[in-house]
Amino acid sequence: MDVMPLLLLVAGSAAVAAAARRTPAPAPLLLVAVGLAVSYIPGVPSYTLDPHIVLPLLLPPLLYTSASDSSYLDLRAQLRPVALLSVGYVLFATVVVGWAAYELVPGLPLPAALVLGAVVAPPDAVAATAVARRVGLPSRITTILQGESLLNDATAITAYKVALGAAVGEGATWAGGIGEFALAAVGGVGIGLVLMAPLHWLRTHLTEPLLQNTLSLLIPFVAYGVAEQSHASGVLAVVVVALYLGHRAWEVDFATRLQEEAVWKMVAFVLESAVFALIGLQLPIVLKRLGEYEGPAAAWYAVAVFLVVVVARFVWVYPATFLPRLLSARIRAREENPTWRGAMVTSWAGMRGVVSLAIAFAIPSTMADGPRNLILFLTFTTVIGTLVVQGVTLPPLIRLLRFPGRDRQAETLAEANAQAQASRAAEARLDDLLSDERNALPPPLVDRLRIVLERRRNAVWERLGQVNPVTGESVDDTYRRLSREMISAEREVFVRLRDHRYIDDEMLRALLRRLDLEEAAAFREAG
């Protein structure tokens, strides 16, 4: 196996993603654009999206990291709008886009058109999360978009399987489709519920951080694989497990959490970068397969399907946002009042991504070449169109709508009050422990414990204080900078002692690790 193309993909996409941080352009859009350009450079390897790699190997970790970073409580509070988008909208878009394609494209069978509708129906989890992080959407809208993108793949994949069965002559029926959807949904959630407690038990009972992090990397693949082997939804199984483990991550050893956070940030960065680069690199492959539909007609079909996809989301989102409140007093009493601006952003934030392309590439050769190639082309143009048009215009749209910004002072006050309550509990616990002679400590060490506790309690309040008139730093910033300078001085001494053979490399690594943990603690303590 030639590993050089894979190395080039990972290294190149990581470099582009890193460069995007210095530009106004969101990383996903820049990666797609560079992928499109690079795909026509002579000598560049051909990167074909293999659904047998993307779905079982790339999708689970991306879903896992996104779901574990989400809030279970926030998702539960927004469950109704999330369900309307992740189930209702996907089925609606499948039918609307499929019917529109059937009417627009001469000779395209209705089942094949519905396959296209199912393929382009789900907004992408990676795209939605990446753009939401960049533009700073209000928390409620971000939660709804993240929840939708985490769950909608299960609906789309099931709808795709039913439509595909009809397209290739397997005699799929509506009753069978409903049954398959129920099995996928209930089975996926059920398997996630069964797996989450044992996996959490393992995470809290393994004593080696290395083993704990190895388990963490395996969890999304285990959940996805078990569910798919049972003909259930691997997507839902991964999401359920990730939400549970993320909600109870505080029970895991601190060393594991520190390592796990760093590992998953790296994994997510590499996979997200590679995924968007892969989208752009598919252009030559898609055009080569277009066949009988190439030419101006294909371009017209692409524009029409893109417009139908965009308009269909508006047609669904506005009634789904406001009608339930008009019809139900219970919803009006329990849920926050939505605004037309929120519905506008939700409607426009419907970027498609790699999952749609992977499903399109998975269409078997038993479907006629013409419809199969056209579906692949229209999927590609819809993904690129939504990423470029909606991804580029979403940030200025949010600025134009003037959403109220986050109240940073109120958030800091809430954090300070929470820290004050926790510090009182810690101080009471310390007094209780010190009353036992088995926990006797010299007075300087007792004082040190109390100083650390007091520093942590005061750190948040200091962020509300005045800044240094000379440096422009807050007390909090100055404390953090001085702590790092002191640790840096110690680190230089340890290295110099190693260089003069006073200590060996093994001792140096142990001493540096201790300093690293202290620096991380000082950084977190200072906020």
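Start by selecting helix α1, residues 4-20: its 17 residues reach 24 Å from the first C-alpha to the last, close to the 24 Å expected at 1.5 Å a residue (the expected span being 1.5 Å times one less than the number of residues). Helices here are DSSP runs of H or I with at least four residues, numbered from the N terminus. Before you go on, note that this is a predicted model, in which local features need pLDDT of at least 70 and side-chain atom pairs count only at pLDDT 80 or more, while totals for chains, interfaces and linings use all residues. Residues are numbered from 1 along each chain as its sequence is written, and side-chain values use heavy atoms, with hydrogens and water left out.

Stay on α1 and show the side chains of P5, L9, S13, V16, A17 and A20, which are buried (under 20% relative accessible area with a 1.4 Å probe, protein chains only; exposed is over 50%, and partly exposed is in between). They sit on the same side of α1 because they cover an arc of only 100° around the axis, taken from the directions from the helix axis to the C-beta atoms. An α-helix has 3.6 residues a turn, so residues three or four places apart point the same way.

Next, pick A27, in helix α2 (residues 27-38). A27 counts as partly exposed because its relative accessibility is 22%. Draw a distance from A27 to S13: these residues are 14 apart along the chain, and their C-alpha atoms are separated by 9.8 Å.

Now move to α3 (residues 51-68) and α17 (residues 354-361), which pack at about 145° with axes 8 Å apart. The axes are lines fitted to C-alpha atoms over the stretch in contact, and angles run from 0 to 180 degrees between N-to-C directions. Which residues meet here? Select P51, V54, L55 and L59 in α3, then V354, V355, A358 and F361 in α17; contact means heavy atoms within 4.5 Å.

Keep α17 selected: eight of its eight residues are buried. Those buried residues pack against α3, and also against α6 (110-120), α8 (139-167), α12 (254-281), α13 (283-288) and α18 (369-401).

For the last stop, return to α3 and select S68. Is S68 buried or partly exposed? It counts as partly exposed because its relative accessibility is 22%. Leaving aside residues up to four places away in sequence, S68 touches A242 and G246. S68 and Y244 are 176 residues apart in sequence, yet 7.8 Å apart in space, C-alpha to C-alpha.

Notes: Helix = DSSP H or I, 4+ residues; strand = E, 2+ residues; numbered from the N terminus.
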